[in-house]
Amino acid sequence: MIYDLIIKNANIVDGSEAPAFAGGLAVKDGKIATLWHGEMPEDMQAAETLDAKGLTLSPGFIDIHCHSDETFYNYPTVDSKILQGVTTDVGGNCGISLAPLKQKNKELLRSYVGDAPYAWESFGEFLDYVEKEVRPSNNFTCGVGHGAIRIAAMGFEPRQATAAEMADMKAMLASSLDEGAAFFSSGLIYAPGCYADEAELTELSKVAAAKGAFYATHMRNENLHIFDALPEAIRIAENSGASLQISHHKLIRREMWGRSTETLQLIEDARARGVDAWADQYPYIASSTYYASNLPNWAYEGGVAALIERIKDPVTRRKILDDMEAACGGRWGDIFLGFAPAEEDKKYIGKSTEEIADMMGLPCAEAALSIVERNGNDASEVNFGMCEEDVERIMQAPFVMTGSDGWAYGLDYPGKPHPRSYGAFPRVLGHYCRERGLFPLETAVYKMTGLPAKRLGFTDRGLLKEGNWADLCLFDPATIKDDPTYLDPCKPCSGLARVYVNGVLTAKDGKHTGARSGQVIRR
Ligand SMILES: [Zn+2]
């Protein structure tokens with residue numbers, strides 16, 4: 001047989017956490033046709049043969065927690081992800097998905113998730129659209145978000161669901177899972193997810209459990225009240241029977257620093273009781289979300305447009321400002337504007353809210369509110385609230401895997417977004433594995449390939465083995481580095497020689513080839 005590609009003399013880290021070995025593999029028709037230890041067998045031929053001496057060959061990285069489905073319509077080559085070695089993106093996290101959609105609530109969903117074609121209603125139609133129209137450069141699978149389901153059923157109503165609405169939500173969740181949604185997610189700091197009580201989430205998680213899908217949650221709180229929020233998440237899993245994924249586990253605010261010993265213990269205790277609990281994490285001390293998340297949730301009643309209207313009333317405005325100050329706890333200097341589309345706010349991108357307030361001559365909360373007034377949910381923030389000690393401790397837990405929590409962007413993205421979108425995976429390999437020595441390379445790779453693949457039920461990705469799809473990363477473990485920084489985020493990572501998606505060369509030495517060979521993966 002003439003193979004399409006042979007990679008020989010590589011240091012193979014196969015994604016299973018087994019010790020690395022010298023060897024190579026051959027690719028035919030997008031799949032790993034054969035794999036060997038040591039010297040290449042004689043008489044093998046290929047259209048291209050690559051001598052990988054000095055380089056490590058691993059499975060392509062699986063980004064179990066990202067938001068590419070919010071942005072890849074404009075960036076189908078998903079450069080930010082490809083150029084850090086991500087060959088499979090997993091969207092639909094934090095309760096935020098773009099389906100299911102009811103046309104009557106389309107504008108509400110748009111104000112929640114952002115601009116997109118919305119040329120679908122059911123989850124299956126959404127996946128079809130991605131497959132036929134977006135055709136991203138990497139593989140894509142997606143969870144179904146509680147926020148989207150709740151908006152479809154009852155808009156931004158800040159109350160319990162009625163029995164009829166509950167039945168509607170359950171039916172939408174069940175059909176989304178049947179049509180290929182990878183899991184069920186919630187985002188309980190955001191409206192309308194925050195309006196759901198534990199009983200609603202437990203009922204819905206039962207539907208997920210019955211379908212064999214896990215429940216991923218951006219918990220109700222990740223700072224002062226995390227010891228209420230984490231037990232709630234665990235109870236929902238325990239009482240519904242669903243497997244649990246704690247999303248982007250972290251502790252925000254100085255008062256909570258160091259207490260990851262306790263959060264990890266709570267997860268371990270749950271596991272010991274038989275709860276199938278896992279977590280993911282991005283490797284940074286800053287978080288990132290909507291800049292509008294600095295406003296109180298009650299202000300979102302009726303949606304973002306209703307919020308903007310509400311701000312105009314002076315009494316309500318004062319109450320919003322007071323709540324913003326209280327929630328922020330004097331941390332405005334740590335909260336930076338990542339992006340804002342309004343022309344007059346462009347000059348504030350990359351600056352802290354304190355600096356912005358100085359430039360505007362306003363108190364911090366007023367300055368922040370004025371940005372939300374002009375940009376709604378389209379402005380983003382970068383928020384420095386964690387400590388390295390917690391980041392490193394969480395990363396080392398055996399039930400924690402790597403995710404970026406990032407978006408699909410190009411190198412020409414016009415803001416200063418959180419560098420996680422461009423550099424999360426090389427940061428774990430370079431900084432945390434090589435420089436900090438937190439774990440061996442085999443463990444680092446496992447946390448971004450074999451482990452998330454197992455979690456997602458993939459049987460033909462995430463491991464280098466014969467018959468699997470040839471999603472591959474070839475990198476130099478001595479030099480791989482997260483060059484994207486907070487000040488200069490929109491750039492490729494160095495040390496990553498080649499990235500293949502389904503056997504197709506998609507990046508070479510930091511440059512995208514333009515290939516778009518990703519597949520849509522339905523559960
Ligand atoms: Zn989240």
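Analyst: Start with a term. Two strands pair if DSSP finds at least two bridges between them. This is a predicted model, and the part to look at is strand 11, residues 215-218.

Take its side chains. Y215 and T217 point one way from strand 11. A216 and H218 point the other way. All of these residues are buried. Here, buried means that 20 or more other C-beta atoms lie within 10 Å of a residue's own.

Now its partners. One is strand 10, residues 184-187. Strands 10 and 11 run parallel, and four bridges join them. Across this pairing, H218 in strand 11 stands opposite G187. How does the chain get from strand 10 to strand 11? The path leads through helix 6, residues 198-210. This β-α-β crossover is right-handed.

Another partner is strand 12, residues 244-246. Strand 11 pairs with strand 12 over three bridges, in the parallel sense. Q245 in strand 12 is the bridge partner of A216. From strand 11 the chain crosses to strand 12 through helix 7, residues 226-240. That β-α-β crossover is right-handed.

Last, the setting. The chain holds 16 helices and 21 strands. Of its 523 residues, 55% are buried. Take the contacts between residues at least 6 apart in sequence: 75% of them join residues at least 24 apart. The C-alpha atoms fill a box of roughly 80 × 50 × 45 Å along the principal axes.

Note on methods
Residues numbered from 1 in each chain as written. Predicted model: local features only at pLDDT ≥ 70, side-chain atom pairs only at ≥ 80, totals over all residues. Buried ≥ 20, exposed ≤ 12 C-beta atoms within 10 Å, placed from the backbone. Helix = DSSP H or I, 4+ residues; strand = E, 2+ residues; numbered from the N terminus. Right-handed = clockwise from strand over helix to strand, strands pointing away. Contact = placed C-beta atoms within 7 Å.
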